[in-house]
Amino acid sequence: MKYSSINNNIFIRNRKKFSTKMKANSLAVFNSNDIYPISADSTMPFQQHRDIFYLSGVDQEESILVIFPDCPKEKHREILFLRETNEHIAVWEGEKLTKEKAFETSGIKTVYWLQDMEKVMFEIMTQCDTVYINTNEHYRASVELETREDRFTKWLKAKYPAHSAAKSNPILQRLRSVKEDVEIDLIQKACNITEKGFKRVLNFVKPGVMEYEIEAEYIHEFIRNRSKGFAYTPIIASGNNANVLHYIENNQECKSGDLILMDVGAEYANYASDMTRTIPVSGRFNERQKAVYNTVLRVKNEATKMLVPGTLWADYHVEVGKLMTSELLNLGLLDKADVQNEDPEWPAYKKYFMHGTSHHMGLDTHDYGILTDPMVPNMVFTVEPGIYIPEERFGVRLEDDVVIQETGSPLNLMKNIPIEVEEIESLMNA
């Protein structure tokens with residue numbers, strides 16, 4: 001791994017928190033992700049399943065975690081099953097976790113090789129009543145393939161049909177949405193790397209550069225700072241491309257007088273950052289661009305103040321919509337008749353700002369969190385309003401990552417990333 005080692009105390013605490021939410025005499029199982037094939041002998045880069053990483057720190061394929069707090073045999077209350085490593089694997093694929101290294105990483109003392117899994121599972125399954133299975137229930141999930149976790153669940157249910165099944169995901173949704181201080185430090189590290197990439201780009205952009213060249217500047221800076229790369233597919237959208245919300249082609253020339261909307265973020269130790277900045281190709285905003293830009297910035301700043309303990313996500317978005325409606329009236333993009341005649345299910349402001357303002361962020365860019373639960377301290381959210389004007393061939397979105405505090409406004413993890421018009425223009429023309 002490129003990232004520095006993480007003290008295993010965080011993973012020990014995470015397992016303890018999960019264990020306290022389990023039913024009596026139950027066990028929970030978590031699997032690594034597959035390595036996905038492309039064609040021939042090519043594969044996609046491995047991405048660890050965030051749940052097993054959250055609970056163990058194990059960041060390699062073909063790994064299984066079992067948590068069984070009430071197991072009669074103390075050594076089986078926490079178990080890791082790993083792919084057996086050897087010298088041949090080390091030469092051809094690189095070093096894998098040994099049993100000793102797995103303990104250092106996770107704090108789990110009992111480590112077996114995968115070939116022992118069915119035998120050990122038979123023993124502990126005879127001692128429990130309920131099995132927690134891990135399904136993907138994220139509100140944005142759309143999974144069409146069978147994962148390693150799915151295959152294991154299918155095998156487990158067929159092998160042990162008399163056991164009761166319970167769901168891990170509702171527990172993890174709540175646990176993972178509230179970050180430990182160590183996790184916030186890791187997200188801050190990812191944000192700091194993103195900051196370095198953005199400042200590099202400010203010195204690079206000029207008329208005639210290609211969007212993919214800007215993408216290359218980011219990835220260069222990210223990797224040289226111990227990131228694997230982008231936390232999600234980057235959006236480098238110049239001119240009218242900014243009005244395509246998930247534009248990822250990044251293959252057009254950046255032209256004089258246009259704006260570039262850049263939605264990018266570095267990952268660090270599997271934790272995401274999520275930044276959006278909009279900058280002028282020529283180094284200066286024109287008056288109309290500046291007016292729209294400062295409108296979005298005002299909405300972002302006011303929306304951020306609303307992210308306090310007790311706030312409900314749905315109510316928050318209603319209030320942000322009211323803010324945006326007022327600002328769009330001031331810009332002349334809406335008139336009073338538009339607002340008076342609006343469809344309550346699709347308010348008038350949605351013509352120019354059609355997406356949500358905030359989502360949970362952490363190990364996943366769109367992280368776990370139950371949206372009907374009130375916000376609590378140490379939740380991490382994005383704040384990302386935008387205004388998109390296809391008829392004027394530009395769009396503006398601004399986005400920071402913030403941590404809800406016990407009192408007062410959230411902590412902005414991106415406070416050092418330039419965002420004011422004057423600062424951006426100054427840096428681009430230095």
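Predicted model: local features only at pLDDT ≥ 70, side-chain atom pairs only at ≥ 80, totals over all residues.

Reader: OK, and which residues of helix 5 and helix 6 make the contact?

Author: On helix 5 they are Met117, Glu118, Met121 and Met125, and on helix 6 they are Phe152, Trp155 and Leu156. By class, that contact has 6 nonpolar, no polar and 1 charged residues.

Reader: What's the angle between helix 5 and helix 6?

Author: About 55 degrees, with the axes 12 Å apart; helix 5 covers residues 117-125 and helix 6 covers residues 148-159. The angle makes helix 5 oblique to helix 6.

Reader: Now the sheet. What's the strand order in the open sheet of 6 strands?

Author: The order is 6-5-4-1-7-8, and the pairing is mixed. From one strand to the next, the twist averages 25 degrees.

Reader: Which strands stand at the edges?

Author: Strand 6 (110-113) and strand 8 (164-167). Each has a single partner strand, so one side of each is left without a neighbour in the sheet.

Reader: And strand 1, buried or exposed?

Author: Mostly covered: 6 of its 6 residues are buried. On one side those are Ser26, Ala28 and Phe30, and on the other Leu27, Val29 and Asn31, with both faces covered. As a general point, side chains in a regular strand alternate between the two faces of the sheet.

Reader: How many bridges join strand 1 to strand 7, and how many join strand 1 to strand 4?

Author: With strand 7 there are 3 bridges, and the two run parallel. With strand 4 there are 4 bridges, and the two run antiparallel.

Reader: What about strand 4 with strand 5, parallel or antiparallel?

Author: Antiparallel, over 4 bridges, between residues 64-67 of strand 4 and residues 78-82 of strand 5. Ile67 stands opposite Glu78 of strand 5.

Reader: Switching topic: what's the order in the open sheet of 3 strands?

Author: That one goes 14-17-18, with antiparallel pairing. Its edge strands are strand 14 (380-383) and strand 18 (411-412), each pairing on one side only. Strand 17 (residues 400-403) is joined to strand 18 by 2 bridges, and the two run antiparallel. There, Val403 has Leu411 of strand 18 as its bridge partner.

Reader: Which helix packs on that sheet?

Author: Helix 10 (residues 287-305), which touches strand 14, strand 17 and strand 18. Its direction makes about 155 degrees with that of strand 14.

Reader: Last one: where is Asn86 found?

Author: In the loop between strand 5 and helix 3 (87-92).

Reader: Why does Asn86 count as partly exposed?

Author: Because its relative accessibility is 39%, and partly exposed lies between under 20% for buried and over 50% for exposed.

Reader: And how far apart are Asn86 and Ser426 in space?

Author: They are 56 Å apart, C-alpha to C-alpha, and 340 residues apart in sequence.

Notes
Residues numbered from 1 in each chain as written. Heavy atoms only, no water. Axes fitted to C-alpha atoms, helices over the stretch in contact; angles between N-to-C directions. Parallel < 35°, antiparallel > 145°, perpendicular 65-115°, else oblique. Contact = heavy atoms within 4.5 Å. Nonpolar A, V, L, I, M, F, W, Y, C, P; charged D, E, K, R; others polar. Pairing = 2+ DSSP bridges. Buried < 20%, exposed > 50% of the residue type's maximum accessible area, 1.4 Å probe, protein only.
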